[in-house]
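Below are my notes on the model, as numbered points. Please read them with the structure open.

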Amino acid sequence: MKFFKRKKNKKSKNKDNNQDEQHQSSDQLQEHEEAIEQQLDDDFMTETVVKEPEEARPSESEQEQTPSQEQVAESSDEQVLDQRLEKTQANFGKKMKQLFSFKKKIDEELFEDLETTLLMADVGANATMEIMEEVRKSLKRRNLSDADAVLGALREQLTELAKQVEAPLIIDTTKKPYVILVVGVNGVGKTTTIAKLARRYKNEGHKVMLAAGDTFRAAAVEQLKTWGEREDIAVMAQKTGADSASVIFDAMTSAKARNMDVLIADTAGRLHTQSNLMQELAKITRVIKKNDETAPHETLIVIDGGTGQNAISQVRAFNEANKLTGLVITKLDGTPKGGVLFNLANEFGIPVRYIGVGERSKDLKPYRAEDFVNAILD
Ligand SMILES: Nc1nc2c(ncn2[C@@H]2O[C@H](COP(=O)(O)OP(=O)(O)O)[C@@H](O)[C@H]2O)c(=O)[nH]1
Ligand SMILES: [Mg+2]
């Protein structure tokens, strides 16, 4: 039995949506994104061919089975997500369906089991409570109680919550450079995400520069420089131990002089509990504003998708030090607990701009609520 009904047909979806402006622009954006994704896919394929070791080359008979360009083109973002989020799917959608296959009767125990499944996937206590309350209300209102209806109502609630934080990051080209400040604790994937973003924006035709604002470790500057060289993107760096705020300030000046469109600034990872380091972050923003009072135009926090409840305290503390405007949730490919996105959505409502689903430079996807919910449920 198929409990969750997917709404995959974009054309019919358009008809249902009255074509209001927001949907129209988000569809246009989607088309645009698909074109970029294709470009990224093409780039990536060239890379793999170059790097492929001799013995790993497919034999001729295997080559015949290699998908054609057209077939590759057909593997959409949605399919990639389905694949990359399968750990969460196994711990979420699959578990829920199992609950119903064991029990035909819809009773209080079943609701409790559903609640547990949400909690186990890190949806968080508050969000779980609210979602389940809405599910119950919705069933009561429609006087329904069969398995399909329960799961359908749950899907609706999750989608609604997921949609509340759907707002793609659009580079404002009137800001030159458009400054993106990237913050977060150590090891969450800030530098990797910056490299992925740089590649994406470059492919969109923007002139991109990076600022190596993580001046704590020499390795951090080197890591960014290596990415920069690989992708042919300018990286502004100073010596280890330099003042992070001035590195970023100088990079802004240089970006202006070189007519750059986008400047993405890295920062050192810091624990949200280290108040002196959090104050330093506030100083970075103050110094940025001395260069351009409208900047930073986006302050992105990077959150490791596997962090669980700690993600909430991270976002809270960083948001107090520096007003956050966007979230990137990384490593969703490696965790069975992708439910943290709902927890964050419910708690803060800060837009989720991108999700990280792997270590390669193309493994960053613009966040789309419906695709995300489909990938973890079905
Ligand atoms: N599987 C996976 N690994 C990631 C992702 N994003 C980053 N990483 C890995 O996380 C580790 C730390 O990343 P890094 O960018 O150095 O983190 P930073 O300390 O926040 O700058 C590296 O090994 C990255 O390859 C992701 O979306 N998926
Ligand atoms: Mg880093």
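**Notes on the predicted model**

1. The axes of helix α7 (residues 93–102) and helix α8 (residues 108–120) come within 10 Å and cross at roughly 165°. Axes are lines fitted to C-alpha atoms, for helices over the stretch in contact, and angles run from 0 to 180 degrees between N-to-C directions. α7 and α8 are therefore roughly antiparallel (angles under 35 degrees count as roughly parallel, over 145 as roughly antiparallel, 65 to 115 as roughly perpendicular and the rest as oblique). The crossing of α7 and α8 is right-handed; a crossing is left-handed if the near helix is turned anticlockwise from the far one by less than a right angle, and right-handed if clockwise. Lys95, Met96 and Leu99 of α7 make the contact with Leu110, Asp113, Leu114 and Thr117 of α8, where contact means C-beta atoms, placed from the backbone, within 7 Å. By class, this contact of α7 with α8 has 4 nonpolar, 1 polar and 2 charged residues (Ala, Val, Leu, Ile, Met, Phe, Trp, Tyr, Cys and Pro count as nonpolar, Asp, Glu, Lys and Arg as charged, and the others, Gly among them, as polar).

2. On conventions: this is a predicted model, in which local features need pLDDT of at least 70 and side-chain atom pairs count only at pLDDT 80 or more, while totals for chains, interfaces and linings use all residues. Residues are numbered from 1 along each chain as its sequence is written, and chains are lettered from A and ligands numbered from 1 in the order in which they are written.

3. The chain has 17 helices and 8 strands; helices (H or I, at least four residues) and strands (E, at least two) are DSSP runs, numbered from the N terminus. Of its 378 residues, 41% count as buried (buried means 20 or more other C-beta atoms within 10 Å of the residue's own, exposed 12 or fewer, and partly exposed in between, with C-beta atoms placed from the backbone). Among contacts in the chain with a separation of 6 or more, 77% are between residues 24 or more positions apart.

4. Helix α17 (residues 369–377) is largely enclosed by the rest of the structure, because 8 of its 9 residues are buried. The buried residues of α17 are Ala369, Asp371, Phe372, Val373, Asn374, Ala375, Ile376 and Leu377. Their cover includes α5 (77–84), α6 (86–91), α7 and α10.

5. α5 packs on α17 at an angle of about 40°, with the axes 8 Å apart. The two helices, α5 and α17, are therefore oblique to each other, and their crossing is right-handed. From α5, Asp77, Glu78, Leu81 and Asp82 meet Asp371, Phe372, Asn374 and Ala375 of α17. This contact of α5 with α17 has 3 nonpolar, 1 polar and 4 charged residues.

6. Helix α10 (residues 147–164) and helix α16 (residues 340–347) have axes 9 Å apart, at an angle of about 65°. The crossing of α10 and α16 is left-handed. Leu158, Leu161, Ala162 and Gln164 in α10 meet Phe342, Ala345 and Asn346 in α16. By class, the contact of α10 with α16 has 5 nonpolar, 2 polar and no charged residues.

7. Which residues come nearest to ligand 1? Of the 18 residues around ligand 1, they are Gly189, Lys190, Thr191, Thr192 and Gly356 (a residue is near a molecule or strand if its C-beta atom, placed from the backbone, lies within 6 Å of it). Helix α11 (residues 190–203) supplies the largest share of the shell, 3 residues. The shell around ligand 1 divides into 2 nonpolar, 11 polar and 5 charged residues.

8. Two cis peptide bonds deserve a look. One joins lysine 176 and proline 177, with omega about -5°; proline 177 is in the loop between α10 and β1 (178–183). Another runs from alanine 295 to proline 296, with omega near -10°, and proline 296 lies in the loop between α14 (275–291) and β5.

9. Aspartate 122, in the loop between α8 and α9 (125–142), has phi near 70°. With 27 C-beta neighbours inside 10 Å, aspartate 122 counts as buried. Asparagine 259 has phi near 60° and counts as exposed, with 9 C-beta neighbours inside 10 Å.

Definitions and conventions: Two residues are in contact if their C-beta atoms, placed from the backbone, lie within 7 Å.
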